[in-house]
Amino acid sequence: MTKRLADALFGSVYYLFLASFIGFSAIPVVVAIVLSFDARSFIGPFPPTAFSLQWYEKFLADDYYYQGLATSLLVSAIATVASTVLGALAALGLDRAGFRGRKVLQAILLSPLVVPNVVLGFGILMFASRLGIIDGMPRLIMGHVLITFPYVMRTTAASLVGIRSSYYEAALSLGARPWKALLQITLPLARTGIVAGAIFAFVTSFDDVGISLFLSDAFTFTLPVAILAQMRANLDLTIAALSVIFILATILIIVLLDRLAGLDAAVGRGVYGR
Amino acid sequence: MKRPGLTASMLWPALIVILPLLFGPLLVLLHESLKPHIAGRVGGDATSALTLENYALLAGPEYAQYFLDTFRIGLISTVLALMLGYPMAHFIVRRASPIMRRILIASLIGTLFLSLIVRIYAISMTFGSLGPLAGFSRLLGIAPTSPSVAELMVVLGLLNTTMPLVALTLIGTIQNINPRLEDAALSLGAPHWKTFVQITLAMSVPGILSAGIIGYAFCISNLVVPMLVGRGFVLFVSNLIYFRFSEVANFPSGAALSIVMMVISLGIFYGLLHLVRTQWQEAGK
Amino acid sequence: MAVLDLQHIRKSFGSFTAVDDVTFEVNKGEIVALLGPSGCGKTTTLRMIAGFERPDSGRIFIGGADMELRPPYERNVGLVFQDYALFPHMTVAENIAFGMKNRGTPKNEIAPRTLEVLQQVQLPGVENRRPHALSGGQQQRVALARALVTRPDIMLLDEPLSNLDAKLRLQLRREIRTILASFECTSIIVTHDQEEAMGLADRIVLMNRGRIEQIDTPARLYQSPKTLFAADFIGHANWIHGTLSKAAGDAGIVATPVGDVRVTMRQGSPEQGPVTLCIRPERLAITDGTVEPATRMQAIAESVDIVGADVRLWSRLKDGTLVQSLDKNIGRAMPQPGSEVMLGFGPDDCVVLPASDAA
């Protein structure tokens, strides 16, 4: 009987923790969505008394955000393409490499994930200025390639682990040259890892604040930097409207990730873990 | 048959691009951190001899507080994230239906993908003085006007990212535990809670530690959360570095802080992770 | 003419010698099995022939050409992998066409030859399916077709039946034999399963610890093993230790703890000294008094196993050695456990092997 009582208690704690997890994650999102339709012109007590689309209109009329969005899309697109090519190639190379420093090299190439972004941002700012690069755009691209590269390398490496070496060997025994075997057999089989890595790279780049704060300038700034500036200037509900757009975009990207690579590519040893 | 030439030609592009982008800035930071600072100048004095003065200044008590705050609040957030994240990962692996599993995993990844600024904004709107959950701090016995509220908000903000991060990592760990072992424990007369603690949780220890280290590394390097909800009461080392750049314009000191922070982060991540893996070789596989 | 010629091949990985001085030839149209326990070097030998590993020393000739510096894709070798290695992202037809495209088969021949080879392996109509939609046996045949379609000089099959269940294995064994024969394809089959080797191969290369123990036809390998390892690895055997001395002509006498045994001396077998006698269970008969075998041994029956078509009798000799004898299961009364039996065999029923502590 005490066993059952203990189990009931255990079950309640288990589900209380689950509920807390979901509550802490979901409630703020719901609150932001509701607030974005607030008809009041100031931030008042929750819930809103009347609803309108005024914050959406205000946000859509603001050029400042468009400028940030354009920069963000350009920087993220370039960084994603560069990281995907470099990261996938590096993962393939490391997978085949037999030399001794392989593990060390891998750890070095993945280290931008661990070094605080602020450190990388500050460092790249000074590095670029010593190289004579003072424009925002090239600096941003440098920083974003550095922080997105490890994601592609890691997901590609994870998907290569599941590919039996006999596929590659079979291709060779059927007369394919090594580069052709890689291109026609190994690369297509690693596709999900590469695609998942590319999506993670894009999202990471698009959301980045730590690096972009240092590398943006008065004319070239990313969307998160623009939002941050707005939030610190005057906290109104335009940001809530913007949040809803972000939430919709995120849902779209998750669907895309699921369709193109499968959600499992991100679980366990995929992007997180190790 | 491995062809070294082909392997190398795949590695070179990354080495040529990434290594300079990584080591260039770090070397410049290191150099800058050794230059003496002259008040009123942005960069360090290039003409004087190199000095360790910038590092010596960091040893003072006023800096220690920032480091301690960073590590303490990061630790609180990570422990809470593990406490809440483990049941979530366990639920996804062991109890959720296939559809539920997909929805939950999609939500976890979605939470991480949603812009951090947006999430922090939403949290400040929810738990802030006018938000629907403004009473949460009182529930924990914190007066709404006390500086501890800022700390609570920072913890909640970090938790929002660390929880899904930890949960996604732990899914892999729990998946690798043979469910028959739990069945065996139950059939040997252990109640559910005991099975959970003595079998599942015990076998997850290396995974939990790894996930904790990853979560902790994320927490202590954070800039945005304290910046937005710390209200000036809570500042992390990252914020300090940013201040050196944006407000004080003391680059040598900022560079020294950066180097220290990087060494600590790398040490915690690779050092502790290595320790965990060698210590729990069997189960950690 | 030898299609494949291996001369003094050696290969080690670190301090482990995987293949040690292996020399053998394979003639045109012949099917040769590389047989041995796991870790005996058979797979490494196969990978060296295919070109995935390079021998530390020794030479490999295929069709008379030295393979020393040739990468796998420049050797005309057909390889069937243990896990089949069918490319999962390609259809059956694309899998089969892959080799032809890389080996320069004219474009207009590829499609008809794909269909033709699928006919030949008795799998018509699967060309547009993906490998994972096929059963294990079907995947095996597609793997065969993919390797055969480029008409390789030599086919290499790595444990071709190990991923299949027992019944299917028996059926596919016959089919593989028929298919290989219809292509008149010189083949090497790597296997650890003696039945598979016996059923498929014209000749067997028996390997142990990186070395060749014996090269022979399946029948001779079973009947006249040259080493204790060969006798032990192939089939079942009873062992009796003793000392050999020469008698008149080709006869010999082995003094054993259970009495003297008359044996026939064969070429290559020891002439005198300590020996081990190997008697196959089916050669060790229960004598009922109607025939008088050259050697008779008293024993106590211990147990009787009915194994389908056969009956196996376990009995203990006077010196404590446990022996087995095999009889057809045709309804004859078997001795009760505990009762005394008389076992007998002739001079040609046992093989004299040099004594060694290996077996």
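**Chains, helices and domains**

Analyst: Start with the A–B interface: 79 residues of chain A are in contact with 77 residues of chain B. Contact means that the C-beta atoms, placed from the backbone, lie within 7 Å. This is a predicted model, where local features need pLDDT of at least 70, side-chain atom pairs count only at pLDDT 80 or more, and totals for chains, interfaces and linings use all residues. Residues are numbered from 1 along each chain as its sequence is written, and chains are lettered from A and ligands numbered from 1 in the order in which they are written.

User: Which helix gives the largest share of the side of chain A that touches chain B?

Analyst: Helix α1 of chain A, residues 2–36, with 17 residues. Helices here are DSSP runs (H or I, at least four residues), strands are E runs of at least two, and both are numbered from the N terminus.

User: And how does that side of chain A split by class?

Analyst: It has 59 nonpolar, 13 polar and seven charged residues. Ala, Val, Leu, Ile, Met, Phe, Trp, Tyr, Cys and Pro count as nonpolar, Asp, Glu, Lys and Arg as charged, and the others, Gly among them, as polar.

User: Give me one helix pair across A and B. At what angle do α12 of chain A and α5 of chain B cross?

Analyst: Roughly 130°, with the axes of α12(A) (residues 238–260) and α5(B) (residues 116–127) coming within 10 Å. Axes are lines fitted to C-alpha atoms, for helices over the stretch in contact, and angles run from 0 to 180 degrees between N-to-C directions. That makes α12(A) oblique to α5(B). Under 35 degrees counts as roughly parallel, over 145 as roughly antiparallel, 65 to 115 as roughly perpendicular, and the rest as oblique.

User: Which residues meet there in α12(A) and α5(B)?

Analyst: I239(A), S243(A) and F246(A) meet V118(B), Y121(B) and A122(B). The contact has five nonpolar, one polar and no charged residues.

User: Switching to chain B. How many helices and strands?

Analyst: 14 helices and zero strands. The C-alpha atoms of chain B fill a box of roughly 75 × 70 × 30 Å along the principal axes.

User: How do α7(B) and α10(B) cross?

Analyst: At roughly 150°, with the axes of α7(B) (residues 148–175) and α10(B) (residues 205–220) coming within 9 Å. α7(B) and α10(B) are therefore roughly antiparallel to each other.

User: What does their contact look like by class?

Analyst: Nine nonpolar, seven polar and no charged residues. Among those meeting are L158(B), T161(B) and L165(B) in α7(B), and G207(B), I214(B) and F218(B) in α10(B).

User: What about the transmembrane regions of chain A?

Analyst: The unreviewed UniProt annotation includes 64–92 and 209–228 of chain A. Residues 64–92 of chain A are 100% helix, with end C-alpha atoms 42 Å apart. Residues 209–228 of chain A are 50% helix, with ends 9 Å apart.

User: Last one: where are the domains of chain C?

Analyst: Domain 1 is 2–230 and domain 2 is 236–354. These bounds come from an automatic or database domain assignment. The C-alpha centres of domain 1 and domain 2 of chain C lie 39 Å apart. Five residues of domain 1 of chain C are in contact with six of domain 2 of chain C.

How values were computed:
Two residues are in contact if their C-beta atoms, placed from the backbone, lie within 7 Å. UniProt positions are given in the numbering used here, feature names are shortened, and annotations may be inferred rather than shown by experiment.
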